[in-house]
Amino acid sequence: MSAPSLWAPPRLSVRWWPVFLRNWLVWRKLAIPSLLANIVEPLIWLVAFGYGLGSMIGQVPTLGQNVPYILFLASGSVCMSAMNAASFEALYSAFSRMHVQKTWDGILNTPVQLDDVVLAEMLWAGFKALFSVTIILGVIWLLDISRAPLMWLAVPILLASGITFAAMALVFNAKAPGYDFFNYYFTLVLSPMMFLSGVFFPREQLPEAARVVTDWLPLTAAVELARPLFLGQWPAQPWRWSALLAAFAVVGLWVALALTRQRFRR
């Protein structure tokens with residue numbers, strides 16, 4: 001009997017939960033240094049660029065009003081932080097469990113299937129990113145950068161964003177021969193998105209052709225959904241941006257599963 005196709009639909013079950021729980025229990029022992037590593041850099045970006053550069057820029061026109069640059073930056077950088085934290089977990093940490101520590105091999109000796117392991121890694125990376133960005137949201141509130149009650153509705157958006165970027169990162173995790181391979185992903189995929197998706201400056205400043213491209217980036221979708229909430233507004237075209245995030249998550253997971261199945265058949 002031939003093996004199922006690598007591109008067969010995901011075969012998922014509730015057995016992803018013990019894998020998720022295992023990652024949570026291990027991470028809990030190192031929670032403080034892990035959180036510090038994920039929140040210090042975005043906070044430095046926020047303070048250095050928000051207060052330093054923001055004092056020279058002043059107000060930024062966005063969503064029909066002029067807002068302080070630090071508010072503009074904070075509402076975008078929190079999405080960037082979700083992207084980076086989830087990607088790091090789904091790349092370096094997942095690769096360690098898969099290839100270096102052989103944790104996945106041990107799990108696969110139980111009734112848990114490979115598809116469930118990949119799903120658990122995706123969801124875990126998304127939730128781990130949420131822990132970090134929730135703290136950043138608290139800092140934004142405490143510093144009075146934004147006190148809009150709607151800003152807390154960004155939490156599920158940031159969770160969805162983390163899951164989406166985790167799914168994308170797991171595609172590269174499946175093909176990685178070593179840790180150095182991930183530098184290509186950060187340099188060629190994440191860094192351009194970081195600068196083109198409206199995190200640091202309005203996308204309206206970009207040439208028309210570049211704006212059309214950025215309309216289809218997952219980080220743009222996250223920013224377009226989250227930023228209005230920090231200004232006390234509802235997002236425009238919420239279903240369009242939500243569908244874009246969902247599409248990247250579903251396709252990313254499917255491709256990651258296919259490539260991971262291929263890797264484990266060798």
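At what angle do α3 and α5 pack, and how far apart are their axes? About 145°, with the axes 8 Å apart. Axes here are lines fitted to C-alpha atoms, for helices over the stretch in contact, and angles run from 0 to 180 degrees between N-to-C directions. The helices themselves are DSSP runs (H or I, at least four residues), numbered from the N terminus.

Quick housekeeping. This is a predicted model, so local features need pLDDT of at least 70 and side-chain atom pairs count only at pLDDT 80 or more, while totals for chains, interfaces and linings use all residues. Numbering starts from 1 along each chain as its sequence is written, and side-chain values use heavy atoms, with hydrogens and water left out.

Okay, back to α3 and α5. The crossing is right-handed, as in the near helix being turned clockwise from the far one by less than a right angle. In contact terms (heavy atoms within 4.5 Å), the α3 side includes Ala82, Ala85, Ala86 and Arg97, and they're part of a set that meets α5 residues including Glu121, Trp124 and Ala125.

Arg97 and Glu121 also form a salt bridge, at 2.7 Å, N to O. The cut-off is a side-chain nitrogen of Lys or Arg within 4 Å of a carboxyl oxygen of Asp or Glu. That pair links distant parts of the chain, with Arg97 in α3 and Glu121 in α5, 24 residues apart. Over the whole structure, the search finds eight salt bridges.

Next, α5 and α6, residues 114-142 and 154-175: their axes come within 8 Å and cross at roughly 135°. That makes α5 oblique to α6, because under 35 degrees counts as roughly parallel, over 145 as roughly antiparallel, 65 to 115 as roughly perpendicular, and the rest as oblique. This crossing is right-handed. Among the residues that meet are Gly126 and Leu130 in α5, and Gly162 and Ala166 in α6.

Then there's α3 with α9, residues 69-100 and 218-230, where the axes come within 9 Å and cross at roughly 135°. So α3 is oblique to α9, and the contact includes Phe72 and Met83 of α3, plus Arg227 and Phe230 of α9.

Methods: Helix = DSSP H or I, 4+ residues; strand = E, 2+ residues; numbered from the N terminus.
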